[in-house]
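Visitor: Please show me the model, and then let us go through it by question and answer.

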Amino acid sequence: MGAAVKTKNVYYLPSGRIFVVELPEGDLIECTEMRDVSMHGKSHREVREASDPRVVWKHLVPYEDKWLLTVSTQIGCPHQCQFCDVPKVNFVRNLSENEILSQVRLLLHATPYVERCNKAKIGFARMGEPAHNLKNVLWAMRSLPAVADECHRDIKWLPCFNSILPAKTLEGKSGMDVLGEVIDAKEVFFDGFMHFQVSCNSTNEDTRRKLFGGASVVPIEDVIKFVNSKKITMRTVTLNFILMDGVEVDAEKLSKMGMTGEKFMVKLIALNRTNRSDEFGIKASANYSNYDEFEKYEAAFKKVGVPVCYDAVARCEEAGLCCGQLAYIDQI
Ligand code: SF4
């Protein structure tokens, strides 16, 4: 199947590239390919405080071991999250399964030197909220091995479904239905090898709603209760928190709701400064400049027995990292 998309612009970051892609009717979407950055001990500080990309290059993980890709699932997004720049791009529609896979093909054609990869983690949340386009997103995930074969690559995919879990989707599904279908797909079709991440960002539901631009989403307590009632294998469900100044992230509260390390892990994320986060006065409470803050949150989650991971961006990677920023620039 021919690609229904073409590259309009490519932006380079020290660890990869962001592609602004044009659809036949002229709308712009984004997809990305990045390498992971390995940071341990002393190199951790060296990388996160680096302004020189050559420092990041020294610590790039080989493509064969890990590769990080993202694709868009909608043109724009119907939500208005305060920390995200996708709402700057007008919401138009859901992408078809082929339009989603065309981005995967485009990324593979742009990287002929990546012949094999043991863990290609591909996120379906560059631009767009995948819950609104569930059928096409799950089918696109299932078609990834065929696309790799077609491009003569030896790739072991790890699809990643990252969602704010809207209470009602554009297709009329409830957020709980989406939760159930994604977990079923994870366990039945992918034998547990799917990464399911729920964007939480705060443990206070009123604050969450405000950060999500007023969107009604599935409460975290309901997510925890539902996941606890299901069999979860291989990859636990990840609760994501972008750490923002003055925003409650309370490990004890989640533990009382039933969160355990058996079914869950927590991912702490540094806020990438965006146009909209500036407009709403949202500031990072932990990033490359005050890394100790990550460790304080990590300690609180470890105390309740829940593993934590965090990607600390390097100072020189921040610009342009947030979804939608570059498509917005290219459209004006
Ligand atoms: S964070 Fe996700 S759901 Fe929110 S506006 Fe951005 S793309 Fe949409």
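This is a predicted model: local features need pLDDT of at least 70, side-chain atom pairs count only at pLDDT 80 or more; totals for chains, interfaces and linings use all residues.

Guide: Residues are numbered from 1 along each chain as its sequence is written, and side-chain values use heavy atoms, with hydrogens and water left out.

Visitor: What radius of gyration does the protein have, taken over C-alpha atoms?

Guide: The globule rule is 2.2 Å times the number of residues to the power 0.38. For 332 residues a compact globule would therefore have a value near 20 Å, and the protein agrees with this at 19 Å.

Visitor: What percentage of the residues in the protein is buried?

Guide: Buried means under 20% relative accessible area, computed with a 1.4 Å probe and protein chains only. Of the 332 residues, the buried ones make up 55%.

Visitor: Which residues of helix α8 are buried, and what do they line?

Guide: Helices are DSSP runs of H or I with at least four residues, and strands are E runs of at least two, numbered from the N terminus. In α8 (residues 220-228) the buried residues are I220, V223, I224, F226 and V227. Seen down the axis of α8, with directions taken from the helix axis to the C-beta atoms, these residues fall within an arc of 165°, so they line one face of the helix.

Visitor: Which elements do the buried residues of α8 pack against?

Guide: Contact means heavy atoms within 4.5 Å. The partners of these buried residues are the helices α6 (175-189), α7 (205-211) and α9 (251-257), together with the strands β9 (195-199), β10 (237-243) and β11 (264-270).

Methods: Buried means under 20% relative accessible area, exposed over 50%, partly exposed in between (1.4 Å probe, protein chains only).
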